[in-house]
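Here is my short note on this entry.

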Amino acid sequence: MSRNSNSKTQSNTSPLPDAWKYEAVVAEVESIISRIETGELELEEVFDQFTQAVEQLKQCETFLQQRQQQVDLLIETLNNEM
């Protein structure tokens, strides 16, 4: 039943592609932040890149929430077996 408490979060997120890699996405977000901070982008590009970074961070959050749910389930299973 505790899994239903996260149903709102799950319903607002789509599954990640099979080839999706957390580390690669974090590196891309860091690269975007660096380009924004150095001022090498036109203003319109800043907004586009910022939007892309926000979307990628949402994917990272989804990934981490899914993994946390898996860990919680494993811990619950271990506790029930003891």
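**Notes on the fold and its helix pair**

1. Treat this as a predicted model. In the protein, residues 24 or more positions apart supply 72% of the contacts with a separation of 6 or more.

2. The secondary structure is quickly listed. The protein has 3 helices and 0 strands. Along the sequence the pattern reads α-α-α.

3. Next, burial and surface. Of the 82 residues in the protein, 15% are buried. Here buried means under 20% relative accessible area. The protein's accessible surface is about 6700 Å². Carbon and sulfur atoms account for 54% of that surface.

4. How do H2 and H3 pack, and at what angle? Helix H2 covers residues 22–38, and helix H3 covers residues 43–81. Their axes lie 9 Å apart, at an angle of about 155°. Angles over 145 degrees count as roughly antiparallel, so H2 and H3 are roughly antiparallel to each other. The crossing of the two helices is left-handed.

5. Which residues make this contact? On the H2 side they are Tyr 22, Val 25, Val 26, Glu 28, Val 29, Ile 32, Arg 35 and Ile 36. H3 contributes Val 46, Gln 49, Phe 50, Gln 52, Ala 53, Gln 56, Leu 57, Gln 59, Cys 60, Phe 63 and Leu 64.

6. Among the contact residues are Phe 50 and Phe 63 of H3, along with Glu 28 and Arg 35 of H2.

Definitions and conventions:
Residues are numbered from 1 along each chain as its sequence is written. This is a predicted model: local features need pLDDT of at least 70, side-chain atom pairs count only at pLDDT 80 or more; totals for chains, interfaces and linings use all residues. Side-chain values use heavy atoms; hydrogens and water are left out. Helices (H or I, at least four residues) and strands (E, at least two) are DSSP runs, numbered from the N terminus. Buried means under 20% relative accessible area, exposed over 50%, partly exposed in between (1.4 Å probe, protein chains only). Contact means heavy atoms within 4.5 Å. Accessible areas come from the Shrake-Rupley method with a 1.4 Å probe; for residues, only the protein chains shown count as cover. Axes are lines fitted to C-alpha atoms, for helices over the stretch in contact, and angles run from 0 to 180 degrees between N-to-C directions. Angles under 35 degrees count as roughly parallel, over 145 as roughly antiparallel, 65 to 115 as roughly perpendicular and the rest as oblique. A crossing is left-handed if the near helix is turned anticlockwise from the far one by less than a right angle, and right-handed if clockwise.
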